[in-house]
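The stops below are given in the order in which to select them.

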Amino acid sequence: MQNYRSSKDFSDMHGLIMHTYYSDNADLRVDHLGLHKALCVLMGWNYSKPPDNSKAYRFLPADEAVSNQEDLIMWPPVVIVHNTITGKGKDGRMEGLGNKAMDSKLRDLGFGSGKCKSMYGREGHLGITVVKFASDQSGLIDAVRLAEYFEKENRGRKAWSHLQPLTLGKDDDDKNPNLVKVDERNGEKKRIFYGYLGTVADLDKVDFDMRNKVVIESRREHKGPR
């Protein structure tokens with residue numbers, strides 16, 4: 001009977017990293033090395049440097065660490081869109097833009113190939129909408145195009161991380177010009193969306209069902225249609 005080990009069997013991350021890299025189980029060698037790379041990328045460490053007790057592999061320039069994280073994308077490709085909340089409902093739960101409403105808004109922007117899925121938690125809408133694209137090269141191109149649109153508008157990953165409201169949907173967040181734009185003609189308030197390509201670091205932003213269906217792939221190594 002195969003004896004599988006759990007992450008709980010290791011006292012710290014270093015022990016787990018050493019195990020994944022130096023495992024002598026030939027049948028699981030590829031899986032172990034894949035896990036080793038993913039763990040290092042998530043921690044911002046150097047996966048190309050063999051780990052040892054000096055822990056030198058933990059030293060990696062910040063820009064390289066970010067580049068490595070951005071390379072490991074969710075597949076099929078997705079774009080994470082933030083600030084799709086609309087406020088609290090009468091029952092006190094958070095409400096937000098639904099799937100069809102977001103599909104329509106993205107079509108109006110010229111991005112009609114993705115399918116939107118709103119994320120919900122115990123308190124209601126999380127203010128996050130995941131835009132799913134086809135699992136082929138055209139899907140990746142469309143996802144990157146949408147992510148680049150947000151980046152060019154200065155509403156990408158970095159801009160959102162700097163903004164990061166502690167609690168979206170507060171009574172006064174509609175007064176924040178970074179979150180809500182007021183139409184000067186009719187006074188209508190519109191949410192300002194932020195978005196970026198979904199990577200391995202964003203798995204906590206999607207629901208359980210989606211986490212079970214996506215895989216993580218290297219954008220650099222992607223070979224095109226499959």
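Start with the hairpin formed by β3 and β4, which has five residues between the two strands. In its turn, G92 has a positive phi of about 90°. Strand β3 covers residues 85–88 and β4 covers residues 94–96; the two run antiparallel and are joined by three bridges. Select K88 and look across to β4, where M94 is its bridge partner. Strands here are DSSP runs of E with at least two residues, helices are runs of H or I with at least four residues, and both are numbered from the N terminus. Two strands pair if DSSP finds at least two bridges between them.

The model is predicted: local features need pLDDT of at least 70, side-chain atom pairs count only at pLDDT 80 or more, and totals for chains, interfaces and linings use all residues. Residues are numbered from 1 along each chain as its sequence is written, and side-chain values use heavy atoms, with hydrogens and water left out.

**Strands β5 and β6**

Next select residues 115–121, strand β5, together with residues 124–132, strand β6. These strands run antiparallel, joined by six bridges, and form a hairpin with two residues between them. K115 stands opposite K132 of β6.

Within β5, pick K117. Its side chain makes a polar contact with the side chain of D207 at 3.0 Å. A polar contact is a pair of N or O atoms within 3.5 Å; within protein, one must be able to donate a hydrogen and the other to accept it, and residues adjacent in sequence count only if both atoms are side-chain atoms. Not counting residues up to four places away in sequence, K117 touches residues including N99, I128, D209 and M210. Contact means heavy atoms within 4.5 Å.

Also in this stretch of the sequence is C116, which is buried, with a relative accessible area of 7%. Buried means under 20% relative accessible area, exposed over 50%, and partly exposed in between, using a 1.4 Å probe and protein chains only. Select C40 as well: its relative accessibility is 0%, so C40 counts as buried. How many disulfides are found in the whole structure? The search finds zero, a disulfide being a pair of cysteine sulfur atoms within 2.5 Å.

**The nonpolar cores**

Which residues touch the most other members of the largest nonpolar core? Select V79, V81, V131, L146 and L197, from a core of 19 residues. The elements giving two or more residues to this core are β1 (72–75), β2 (78–82), α4 (99–108) and α5 (137–152). The largest share, six residues, comes from α5. A nonpolar core is a set of buried Ala, Val, Leu, Ile, Met, Phe, Trp, Tyr and Cys residues joined through side-chain atoms within 4.5 Å.

Center on V131: leaving aside neighbours within four places in sequence, its contacts include P77, V79, L106, C116 and L146. Then move to a second, separate core of 10 residues, among them M74, V78, I128 and Y196.

Select helix α3, residues 62–71, and color A65, N68 and D71, which are buried. Seen down the axis of α3, the buried residues fall within an arc of 125°, so they line one face of the helix. The arc is that of the directions from the helix axis to the C-beta atoms. These buried residues pack against α2, β1 and β10 (215–218). The face turned away from them carries the exposed residues A62 and D63.

Repeat this for α4, where the buried residues are M102, D103 and L106. Their arc is 105°, so they line one face of α4. They pack against β2, β5, β6 and α5, while K100, R107 and D108 are exposed on the face turned away. Just after α4, G110 takes a positive phi of about 95°.

**Two last residues**

Select H32 in helix α2 (residues 29–43). Is H32 buried or exposed? At 13% relative accessibility, H32 counts as buried. Its side chain makes a polar contact with the side chain of H19 at 3.3 Å.

Finish at R155, in the loop between α5 and α6 (157–163). R155 is buried at 15% relative accessibility, and its side chain makes a polar contact with that of Y149 at 3.4 Å. Beyond neighbours within four places in sequence, R155 is in contact with residues including F150, I192 and Y194.
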